[in-house]
Amino acid sequence: MFIALQKASQRCGSRLHFAMAGWFPGGDNDLRRYQEAARYYAPDVSIHFLDGKNPDVVRCCWAAADIFFSLIDNPQETFGLTPVEAMAAGVPVIVSDWDGYRYTVTDGLEGFRIPTLAPSRSPQGVDLSFRHDHGLLSYQDYVGAVAQHVAVDIEAAAFAIARLADNPSLRLSMGDAGRKTVKQRFDWPLVAQQHHQLYSELSELRCSGSGSSGLEVQHPLRADPFYDFASFATKCLQPDTKLQLSLPLHQLELRLENLTSLDCCYQELHAAPVDIRRLLLLLHNENPCSFNQLLTAWPPEQHDTLQLSITWLAKLGFINWS
């Protein structure tokens, strides 16, 4: 989000202010990580960290905001209440094309949905689930490690921000469309009626069930989250996915040497730095290049780690895939 805001600030005619209303599970340590990333990636944007647990602060945010911006990338966001709250407040939205957000926001109507890319499966994902299930990994680190390897199209996000920032009439029309959507789809009487319909459908399914699904018995907390939640993303990294560098190689190598502490979280899931640099060099020489072509340069036992490295680099804006 910081990288997209910086790019947008260089393209639009308005000075951007970004109010991050929320809280950090890790307290001040997490806050410092995000402050460092904000300074590094969005030096021309005024970023305000606000207390999202204070309802008065949140009400002021809804009243003051021109755009709602949320690039969710983790498996816990199965619906996403905040875009609906934004639309109810008449605020146009820019959200990731991700599971529940895809259900609540129509691209081009109430705002814009930004494409996402995720791995299709990963043995490291199984290990993450196993460690979390046995209390060796906190829930925040479990979902954080998964999210660190989900990419959101930064260029598309920057374009959407700049377009809305420079177009008050578009903000107004999308905000009005959002209000109508909330009234037509998410008003409480409608939601209650949908719940009743769901209960009836579930009851019928239970009565008609044979008692055995025939599916493989599997502990629900020990599966691969990249596989289980693959449908959340716009697309998964496939052998034929075309990849290319977003900037000249020397600029990316410089950025690689100056990563923030937030970027380096869960780096044990990535390839070694020498392999990351080799990966970028191959993309530089074969620009664009398919994912499968890249993998042929490494032995099969390294392919899973390289897959997570590619989605991580795409997340940081090193690699274009969309």
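A: A residue is called buried under 20% relative accessible area, exposed over 50%, and partly exposed in between (1.4 Å probe, protein chains only). The model is predicted, so local features need pLDDT of at least 70 and side-chain atom pairs count only at pLDDT 80 or more, while totals for chains, interfaces and linings use all residues. Residues are numbered from 1 along each chain as its sequence is written, and side-chain values use heavy atoms, with hydrogens and water left out.

Helices (H or I, at least four residues) and strands (E, at least two) are DSSP runs numbered from the N terminus. Helix H1 (residues 2-9) is largely enclosed by the rest of the structure, because seven of its eight residues are buried. These are Phe2, Ile3, Ala4, Leu5, Gln6, Ala8 and Ser9. They pack, by contact (heavy atoms within 4.5 Å), against strands E1 (17-22), E2 (46-51) and E3 (68-70) and against helices H2 (28-41), H8 (154-165) and H12 (249-256).

Cys12 is also buried, with a relative accessible area of 10%. The closest cysteine sulfur to that of Cys12 belongs to Cys61 and is 20 Å away, too far for a bond. Cys289 is in no disulfide either, as the nearest cysteine sulfur, in Cys236, is 19 Å away. Cys289 counts as buried at 4% relative accessibility. With a disulfide taken as a pair of cysteine sulfur atoms within 2.5 Å, the structure holds zero disulfides.

Leu202, in helix H10 (residues 188-208), is instead partly exposed, with a relative accessible area of 36%.
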